[in-house]
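Please keep the sequence and the 3D view open as you read.

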Amino acid sequence: MVHLGFGAFYRAHQAVFADLLASQYGSDWGYCTVNLVGGEQLISDLKRQDLLYSVAEMDSSGWHSQTIGVVRQALHLRLDGVQAVLEAMAHPQVAIVSLTITEKGYCYHPASGQLLADHPAIVYDLTHPSRPQSAPGLLLAALRLRRSRGLPPFTVMSCDNMPENGRVARNVVIQLAQLQDAELASWVERQVAFPSTMVDRIVPAVTPDTLQRIQHLLGGIADPVGVACEPFRQWVIEDRFPQGRPAWEQAGAELVDNVLPYEEMKLRMLNGSHSFLAYLGYLAGYAHISDCMQDPHFVVAARRLMLAEQAPTLQVQGVDLALYADSLLLRYGNGALQHRTAQIAMDGTQKLPQRMLDAIRWHLAHGSCFDCLALGVAGWMRYVGGIDEQGQPFEIQDPRSDEIATRVATSQEGEPRVRALLQMDTVFGRDLPAQPAFVEAVTQAYLTLLTHGAKESVGGLSNR
């Protein structure tokens, strides 16, 4: 397998499943891992320690470490060059190319799931198809190379937090192909599988303290590639792999015919409540999700968001959603994780549509209440103003940060700010800003945040 995106989540999730299969079940499936943007030092460090690194699971009982050894090759697009990456993807033994590149890496329109043809990396790839910069461009160039060599295509498996992530990956690759080579596009449509997946494991950003704790676990040996995470892990995979796959089910993964109900459950209940806690918790002065869980009003509001407003919108069957919500709250309270609210708050323009806005559309269609979701959206709007409730500025990390900054700078605080941000149709589409009930609910929630602050506003929800 080739994996694009050697980030903390991949190291603590997909690679752990593969390592368990190799160490306990004799699997010979390994990884060539590739970083596309950033992380040059990470790849260099990995190579220096013979492609080995450690994963530490942490909970109230302590930290427990294991060494991962399934990475057999490591590349970086800038350091090793695009040709080396394409050759790795075109290797005859490669059957799967998987991705954890975050939502923004797909160069897609979050509200529609379609390719952003004017994205700078896509514009470049259209004129340099054999030397692409984007993930969709790399996938397409590698598939073209395999086709020219008479090799079967690899399966493309997205492991990013998007609804129907396989469909999104398929859309962007095929739509890019249609702009480059209609015959190749037709071949990809017929021959390439794009299974969807749902992944779940809380993996906080690695900090110097994380690495120091891991070094202690390793008896004083430094591991700059090490990562720490919660003990829980889940992986639901659509079972469509024409060229074969590892026996992931032996390592605890669920292989199913349709991932979408599980994706929606996780995106709306877990990720949606995570974003709610991240924006409002950060504004309230809580640095970590576990800090939010020490505030009973935040606990009650998060549970109400999950069960009263997200759960009714779901298709999943046979799952005790109340038990699921309570298990999420228990995981959020794991103080050992130190999962920063600011980390979860990143890239909100890519996350809001699937985490909150799709559920709001359901409520608008059914005439039901969405007070918590409205406050979550208002929390994002207040957060991207870039000034906390103590008047201190902070940096907004988002692929559309320039557009956000312009809309914030050119609008007055209050209702005009809400209207300005609602005009971002890549986030809200054109339908939601045309819905008076939606605009009114978000505006009132935003004005409540301005008047009373995040703590009191969340407290107001929990008291209803």
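## Before we start

Two strands count as paired if DSSP finds at least two bridges between them. Strands here are DSSP runs of E with at least two residues, numbered from the N terminus. Please bear in mind that this is a predicted model.

Strand β3 covers residues 53-59 and is joined to β11 by 3 bridges, the two strands running parallel.

Now take in the whole sheet: 3 strands form an open sheet, ordered β4-β3-β11, with mixed pairing. Strands β4 (62-68) and β11 (227-229) are at the edges and have a single partner strand each, so one side of each is left without a neighbour in the sheet. From one strand to the next, the twist averages 25°.

## Helices on the sheet

Which strands does helix α2 touch as it packs on the sheet? Helix α2, residues 14-25, touches β3 and β4, and its direction makes about 70° with that of β4.

Helix α10 (residues 208-217) lies across β3, β4 and β11. Relative to β4, helix α10 runs at about 80°.

## The largest pocket

Let's move on to the pockets. The largest has a volume of about 1,500 Å³, and 48 residues line it. Nearest its centre are Gly 7, Thr 100, Ile 101, Thr 102 and Asp 347. Why does the largest pocket lie between domain 1 and domain 2? Domain 1 (2-257) and domain 2 (260-463) both contribute residues to its lining, so the pocket lies between them.

Several elements each supply at least two residues of this lining: α1 (8-12), β10 (197-200), α11 (260-283), α15 (341-344) and α16 (348-366). Sorted by class, the lining of the largest pocket holds 22 nonpolar, 16 polar and 10 charged residues.

## The second largest pocket

The second largest pocket has a volume of about 330 Å³. Its lining is made of 16 residues, and Met 1, Gly 30, Tyr 31, Gln 93 and Val 94 lie nearest the centre. Two or more lining residues come from each of the strands β2 (31-35) and β5 (71-76).

How many nonpolar, polar and charged residues are in the lining of the second largest pocket? By class, that lining has 9 nonpolar, 5 polar and 2 charged residues.

Conventions:
Residues are numbered from 1 along each chain as its sequence is written. This is a predicted model: local features need pLDDT of at least 70, side-chain atom pairs count only at pLDDT 80 or more; totals for chains, interfaces and linings use all residues. Side-chain values use heavy atoms; hydrogens and water are left out. Helices (H or I, at least four residues) and strands (E, at least two) are DSSP runs, numbered from the N terminus. Axes are lines fitted to C-alpha atoms, for helices over the stretch in contact, and angles run from 0 to 180 degrees between N-to-C directions. Contact means heavy atoms within 4.5 Å. On a 1 Å grid over the protein atoms alone, a cavity is a set of points where a 1.4 Å probe fits but cannot get out, and a pocket is an open set with protein on both sides within 12 Å along at least five of seven lines; lining residues have an atom within 4 Å of a point. Grid points are joined across faces, edges and corners, and a volume is the space filled by probe spheres set on the points. Ala, Val, Leu, Ile, Met, Phe, Trp, Tyr, Cys and Pro count as nonpolar, Asp, Glu, Lys and Arg as charged, and the others, Gly among them, as polar. Domain bounds come from an automatic or database domain assignment.
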